[in-house]
There are 2 protein chains.
Amino acid sequence: MQNIYKQNLDKNTANFTPLSPLTFIERTAYIYPQRTAVIHGQRRYTWLETFTRARCLASALVAHGIVEGDTVAAMLNNTPEMVECHFGVPVTGAVLHAFNTRLDAETVAFMLEHGEARVLITDREYSATVKKALAKVQRPILIIDVDDPEYSGAGERLGSIDYEQFLAGGDPDYPWQGPDDEWNAISLNYTSGTTGNPKGVVYHHRGVYLNALSNIVSWGMEPHSVYLWTLPMFHCNGWCFVWTMAANAGTNVCLRRVDAKLIFDAIREHGVTHYCGAPIVHSLMANAPPALRAGITQKLSGLIAAAPPPEAVIEQMANIGVDLTHVYGLTETYGPAAVCAKHGDWADQPLARQVELNARQGVRYHAQEAITVLDPSDMQPVPWDGETMGEIMFRGNLVMKGYLKNQKATEESFAGGWYHTGDLAVMNPDGYVKIKDRSKDVIISGGENISSIEVEDVLYRHPAVIAAAVVATPDEKWGEVPCAFLELREGATVSEEEIIEFCRQNMARFKVPKRVIFNPLPRTSTGKIQKYVLRQQANSTAAISSS
Amino acid sequence: MQNIYKQNLDKNTANFTPLSPLTFIERTAYIYPQRTAVIHGQRRYTWLETFTRARCLASALVAHGIVEGDTVAAMLNNTPEMVECHFGVPVTGAVLHAFNTRLDAETVAFMLEHGEARVLITDREYSATVKKALAKVQRPILIIDVDDPEYSGAGERLGSIDYEQFLAGGDPDYPWQGPDDEWNAISLNYTSGTTGNPKGVVYHHRGVYLNALSNIVSWGMEPHSVYLWTLPMFHCNGWCFVWTMAANAGTNVCLRRVDAKLIFDAIREHGVTHYCGAPIVHSLMANAPPALRAGITQKLSGLIAAAPPPEAVIEQMANIGVDLTHVYGLTETYGPAAVCAKHGDWADQPLARQVELNARQGVRYHAQEAITVLDPSDMQPVPWDGETMGEIMFRGNLVMKGYLKNQKATEESFAGGWYHTGDLAVMNPDGYVKIKDRSKDVIISGGENISSIEVEDVLYRHPAVIAAAVVATPDEKWGEVPCAFLELREGATVSEEEIIEFCRQNMARFKVPKRVIFNPLPRTSTGKIQKYVLRQQANSTAAISSS
């Protein structure tokens, strides 16, 4: 029997458009041209202005030869330029590669090479790092300098053209056209994974579109929200909130740096309603002098993400009246792809229990198909007993295209038809996922991923070191910090301070171990270092002190 | 140059899932199994129960031989069974054809044949019509009777199996699996268009998924809303709100019939926050005795749609404190695909101006790519002057697959890469669309579409009638009603009452002209009846009285 619903009912330009978040800014600039899109210090841009600046950026990039599939990199803070890049770059068909501004020159150079950037838009603040990185890069890169009036510190211009000049050469009527395929790449975000070399996570227009809407629906964001940029836009494109705010027709309140006074001043002055961040951001807010919070009367909603589970922070934020929601995800899942969806009756529980319930990684986002906990050896679900460990796996439209130029890692991560997070967890009897440990050697410090192997690689380069293992140790401020365990060559001597100084000279500051312990490393019979033993040690101050 | 973002970054089961609203009920039943999904009279179903009943329905349909591409029809009121059909039917791959319960037997028979229904789930209330219709149908149809405890009127069971019995034979663990292609059909909705024969509008999973989320985002619906079913679920699948409420994890409050007391009692008792309807529903509410509204304190938001622009109703609802939003769309656009998006500064305008602003058809929905006003002769946009008339056209993912088994009508409606609505409008200087007239001969009465040509066809069958033209005339209660202009055969005489009675015997009651005017019909030089002249006449009571 023929299916009558498949006859002469095909796609055409009237009834099918590839999904793309580029449509959101066009819609909002059309409907609310005069609403404020971006606030940054003394600068204000309406949605029409931000849209027009994005069009100028796009046309200027095209005039400089940028075509579909090219990479345009940005080393920027949370500034209006960064917002504009999220629209002006992909509308040309190019892919936005937003750099973590905290990276060292060597890593930046690696990423510029690997990501094949043809353009780099860079803030003067990072000129020292970028200059060093560019010296190591063989390919020609057009450098566009951003000189933000809100930044008065050191740093020079590196390129031949300034961002504002570049835009001035652009066409404000550049045709706004989405991709011809919603599977086309929109952005590139590098992540520190299990290996020392960062992997380039590729997002597509479809996934970003869906996660931008999911952020609204899953969080229950009302239209015209005022969003404070405490989360770096270079983290998973600000968990897709750069695009969410365009769909929401809201206002982006920029912040160059996270500082309690700046945060509360912005919340008060601009009527901020929403913000996101790693635990350290919330912790900073909770622990700020109460006087800083004076005069703030609006409802404030925050999203919190990062392992380990920030129970203490959740409790602190409840104490200062912020409505905190815990989300979970990875660079590979467009940022948040799970949410600890609240239940009305949780409010009847004692606070400690509420905190425990809210600290779980939770359930899938609206646009994600599934989150589950499987035994990776046979891909069977673990029992919902809150005790049996397995690996968190995701499936659905909020999973990356894959890793750029890394077929092996892509295939491994998608083995068995699920994205393997590397996070070890249990499934609670109510179907909520709760992380217990991580199988990958990643340390999350202040919201930043640190590859333990990358740190180990540096330690191994020290002449006194014969074996090194780096694990996470809990830290009140940063969530986790790297803790190094070292075996020294026979007869060699070196102090903790010397090792730390050595690391400072060879890696980004946030990756430097805060503790160094000289100790024979525990090994399996096959010689593999038993990191779980070291983690136990690192977790126990007593053990560390006595070691 | 090769595009590095298109190499080894393909779709797989981990990172791609076809969009489908079936995922929403699964998610909500998983996260909130005990939340109330459906309230109907004394009946209550949790989301787990509704989901389980949908699974039983699906497995029982499959056991009866239903396969992908089959049609399952429903002649149902706004009852729990109707909610369940919206999930249990499409999960089998079948297509839900929800009947307008107000149709006459002949039209029902036509649709059962044309839509090739293999199953009909029918409420006892409509057994007289359905029985007559089935007598005209040649194909075997499995009849499943719904005997709603909330209905105590006349009507018999027609089939061999009752809905509850049918479900009891189903499998509550039926595997919940979305479509393998998001372009697959999910539902069939007939519309009265320019021709007498209704056209079968086909929706796909992708469009429904996107409009279900758009309803939330465009309206700013908070999670766990309580939605009152004043809008029939058979109208564009309740403007996709059956699926929206699953995504929202909210509560469906059913209503078998629209009645002011029932409405306000439900709002009060169940804490209703949202509802939709044609102008007549809102008008009924606004004009109800104020005592009926006593004790209702929650914020109530309503969506209103239908032409002609219901300015008076918008004003009335503002007066009783309902937050009314005007949306616009057609059966072909999944219901609402445009919204009169509000601006904060409108509130500073005098009420009459506010009403005027809010009565416009507005701008595109989030998930719709475009709404515009074009000159259909050259497909060029009209100037944004609020005066130049053109035709409203839509483009994007909220446009139907096409008309079932009607390639010609499908192609015509998509001519030039836009969906032609047939509605004549102007574009205001702020980019908001405002309907001025309709080019298609459709009369919208109490939210129901009436094809004027269909009514004319009946009138032409009357022995005394030599020419007939039916147009809309404004009506305080129904918005519009059909008004018939007739030329009689030489020597023939017939009264208005006789014509009306003749119509009653040959069409659904709501289609019967409320006025009949005997008058030579104005014609163009080529002999075409000048309906716009008749509309002017019909719009003017004075003209009618003197004619």
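Modeller: Two strands are said to pair if DSSP finds at least two bridges between them. With that in hand, we may read the sheets of this predicted model.

Colleague: In what order do the eight strands of the open sheet in chain A stand?

Modeller: In general, the strands of a sheet pair through backbone hydrogen bonds, in either the parallel or the antiparallel sense. Here the order is 7-6-5-3-4-8-9-20 in chain A, and the pairing is mixed. Strand 7 (161-162) and strand 20 (402-403) of chain A each have a single partner strand, so one side of each lacks a neighbour in the sheet and these two stand at the edges.

Colleague: Do strand 6 and strand 7 of chain A run parallel or antiparallel?

Modeller: They run parallel, and two bridges join strand 6 (residues 142-146) of chain A to strand 7 of chain A. Within that pairing, A:I161 of strand 7 is the bridge partner of A:I144.

Colleague: Which strands of the nine-stranded open sheet of chain A stand at the edges?

Modeller: The order of that sheet is 2-1-11-10-12-13-14-15-16 in chain A, again with mixed pairing. Strand 2 (43-46) and strand 16 (363-364) of chain A are the edge strands; each has a single partner, so one side of each is left without a neighbour in the sheet. Further in, strand 10 (residues 226-228) and strand 11 (residues 251-253) of chain A run parallel, joined by three bridges. A:L228 stands opposite A:V253 of strand 11 there.

Colleague: How many residues lie between strand 25 and strand 26 of chain B in their hairpin?

Modeller: Three residues lie between them. Strand 25 (residues 465-475) and strand 26 (residues 479-488) of chain B pair in the antiparallel sense over 10 bridges, and B:T473 stands opposite B:V481 of strand 26.

Colleague: At what angle do helix 2 and helix 3 of chain B pack?

Modeller: Two packed helices are described by the angle between their axes and by the distance between those axes. For helix 2 (residues 47-63) and helix 3 (residues 80-88) of chain B, the angle is about 65 degrees and the axes are 8 Å apart. Their crossing is right-handed. Helix 2 of chain B contributes B:T50, B:R53, B:A54, B:R55, B:L57 and B:A58, while helix 3 of chain B contributes B:V83, B:E84, B:F87 and B:G88. By class, this contact has five nonpolar, two polar and three charged residues.

Colleague: Which element of chain B gives the most residues to the side that touches chain A?

Modeller: The contact takes 52 residues from chain B and 52 residues from chain A. Helix 1 of chain B gives the most to its side, with four residues. On that side of chain B there are 24 nonpolar, 17 polar and 11 charged residues.

Colleague: What confidence does the predictor give the complex and chain A?

Modeller: The complex has an ipTM of 0.87 and a pTM of 0.88. Chain A averages a pLDDT of 92, and 95% of the residues score at least 70. Over residues 541-547 of chain A, however, pLDDT stays under 50, and the model has eight contacts beyond four places in sequence for that stretch.

How values were computed:
Residues are numbered from 1 along each chain as its sequence is written. Chains are lettered from A and ligands numbered from 1 in the order in which they are written. This is a predicted model: local features need pLDDT of at least 70, side-chain atom pairs count only at pLDDT 80 or more; totals for chains, interfaces and linings use all residues. pLDDT is the predictor's confidence in each residue, from 0 to 100. Two residues are in contact if their C-beta atoms, placed from the backbone, lie within 7 Å. Ala, Val, Leu, Ile, Met, Phe, Trp, Tyr, Cys and Pro count as nonpolar, Asp, Glu, Lys and Arg as charged, and the others, Gly among them, as polar. Axes are lines fitted to C-alpha atoms, for helices over the stretch in contact, and angles run from 0 to 180 degrees between N-to-C directions. A crossing is left-handed if the near helix is turned anticlockwise from the far one by less than a right angle, and right-handed if clockwise.
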